[in-house]
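Hi,

Here is the structure I promised to pass on. Have a look, and my notes follow below.

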Amino acid sequence: MLNQEKNNNCEDSSALSAQLENVKIKQGLANNRLLSDSFQQLAILQLSDKQLANVSLDLMAEDVPIFMQSYDHLISPWPVIIDKDMLAKFDYICATLPTLLYKVMTELAKSERQYLLDYLNISELQLDLFLQRNIEIRDVVCRYDAVISNGVIKLVEANIGTMIGGLHLSWITPQSLNLLKLNDVSKTWNLVDRNGYGNLFSSVVSYALREKRHNATGNCVFFLPVQAKENLELDSQLKYESLLNTLETVYKEKLPAHLKGKGKLFFCDSQHDLSLASGNKLCFKDEEVDGIVFHSDTENQVPREIYSLLEAGFVDGQYYYPDALAYTLMSIKLLFALVHEIKVKKILTPEERELVASCIPLSMRLSSEHCLLEGKITSIKTLIENNKDRFVIKKSRSMQGNDVMVGRSVDQDTWMAFYNQHKHDSDWLLQEMCIPDDNICADSTNGVGIYKMVWGIFSFGGQYSGSFIRAMPENGDSVINSARGANEFLVFEEQQYKNKITL
């Protein structure tokens with residue numbers, strides 16, 4: 001028996017050694033190391049123990065809220081882990097990019113108003129609502145979708161407002177941390193997860209205390225449309241109450257001591273319960289609130305009347321409304337093309353130009369006839385014809401990975417047909433394809449292997465506020481999105497480093 005066990009151990013060791021010599025695995029492990037030592041170690045553990053790698057989450061466990069039991073996307077129990085160096089890079093982007101985008105919008109609105117309207121394909125009214133009052137950049141609620149390509153963070157788009165998705169993964173954090181504690185190597189790791197609804201509610205409270213001061217009520221509205229509730233599969237009163245109670249607990253934790261006893265989180269699914277009182281104070285059933293946030297799959301689920309009501313009163317600053325056009329207009333994807341234009345670069349500082357060049361992929365309007373590429377005026381049509389594998393075509397205002405054509409995933413005829421179909425539509429853009437680096441990850445369906453990852457990087461209060469990841473195995477869909485079947489991963493931060501595995 002002892003000889004058999006010894007032979008098995010030798011076989012396992014030999015199999016691991018062979019895997020570590022595989023070129024793709026070696027590169028994947030090196031890419032894991034760029035994120036953190038711990039993430040590289042975790043991959044080695046998974047490669048050495050396939051049974052461990054195939055562990056699945058137990059959504060029926062006591063440490064998972066009841067409303068998450070019906071969640072229909074695959075979540076890996078194994079996190080992606082970042083270190084302080086990667087954290088600093090994320091924090092720099094979150095601290096500087098919103099200011100840059102706001103500067104571009106406001107400066108062009110003064111000097112090149114019609115150019116800005118035409119470029120972003122927006123109306124006079126939308127721009128006026130954007131400009132109706134000076135906003136604090138720290139009030140922007142944002143999730144940047146990004147990839148790490150050749151070791152460099154590339155921002156694919158910015159999603160601004162409370163309907164950004166991804167905050168839900170924080171409900172799985174306790175189970176994932178407990179799983180790591182079961183292994184001798186990872187049990188001593190000191191990891192934290194910044195993601196969660198607490199960041200969103202902190203933004204509401206911070207705004208109220210800053211802008212309303214002693215008039216802050218501590219009240220907030222959580223608007224959950226009927227259709228969104230159905231999509232969450234809250235098919236029982238128990239699940240619905242679980243969601244409400246969990247969110248209310250998180251919200252009250254963020255209230256200061258003098259508001260804890262009276263501040264409330266109101267849940268609303270009808271525009272008829274909302275109104276503006278004297279001085280443009282927002283009320284829920286005649287009770288004043290400090291802010292309103294949405295939970296919705298698409299903005300179309302929120303009644304138009306609510307947007308009209310909230311925009312009308314927003315100018316007086318009596319409530320926090322992070323879905324106002326004053327914020328969300330900065331999430332138009334064409335803005336990533338605009339910042340590459342020559343006349344825009346002239347209003348940017350050298351540091352801002354460097355940020356654009358480094359982090360924002362080359363982007364341009366699909367309807368333009370020419371672009372500036374590597375210092376030369378180039379025909380857009382010629383560029384598209386000759387560089388199919390280098391670009392993607394995407395719609396400026398679209399969600400969940402819809403309306404995207406990846407050049408390297410289709411043949412030339414399909415690519416050109418798609419271009420010809422949309423080339424006169426001013427709401428489409430051409431963006432350089434940033435291929436995600438290979439990383440070694442694991443989930444219960446695919447096991448351990450090579451994955452392509454898209455990051456959802458959260459920014460609240462003008463600083464990095466956690467991440468989540470959608471990832472596809474290397475043979476999966478080229479559009480990496482949860483709605484297209486991507487696996488979801490939590491992202492933890494490495495606080496200290498212990499028990500290094502030596503290759």
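Let me start at the surface: I342, L372 and I377 make up a nonpolar patch there, with about 290 Å² of accessible area together. Patches take residues with over 30% relative accessible area and no salt bridge, joining like charges within 9 Å and nonpolar side chains (Val, Leu, Ile, Met, Phe, Trp, Tyr) within 5 Å. A salt bridge here is a side-chain nitrogen of Lys or Arg within 4 Å of a carboxyl oxygen of Asp or Glu, and areas are Shrake-Rupley with a 1.4 Å probe, counting only the protein chains shown as cover for residues.

Keep in mind that this is a predicted model: local features need pLDDT of at least 70 and side-chain atom pairs 80 or more, while totals for chains, interfaces and linings use all residues. Numbering runs from 1 along each chain as its sequence is written, and side-chain values use heavy atoms, without hydrogens and water.

Strands are DSSP E runs of at least two residues, helices H or I runs of at least four, numbered from the N terminus.

Now the rings. There are 21 aromatic pairs (Phe, Tyr or six-membered Trp ring centres within 6.5 Å; planes under 30 degrees apart are stacked, over 60 edge-to-face, the rest tilted). Y115 and Y119 have ring centres 5.6 Å apart and planes at 55°, so they are tilted. Both are buried and belong to helix α6 (residues 113–120), four residues apart, about one turn.

R365 lies over the face of Y119, 4.3 Å from the ring centre (cut-offs: NZ of Lys or CZ of Arg within 6 Å of the centre and within 35 degrees of the ring normal).

Cheers

Definitions and conventions: Buried means under 20% relative accessible area, exposed over 50%, partly exposed in between (1.4 Å probe, protein chains only).
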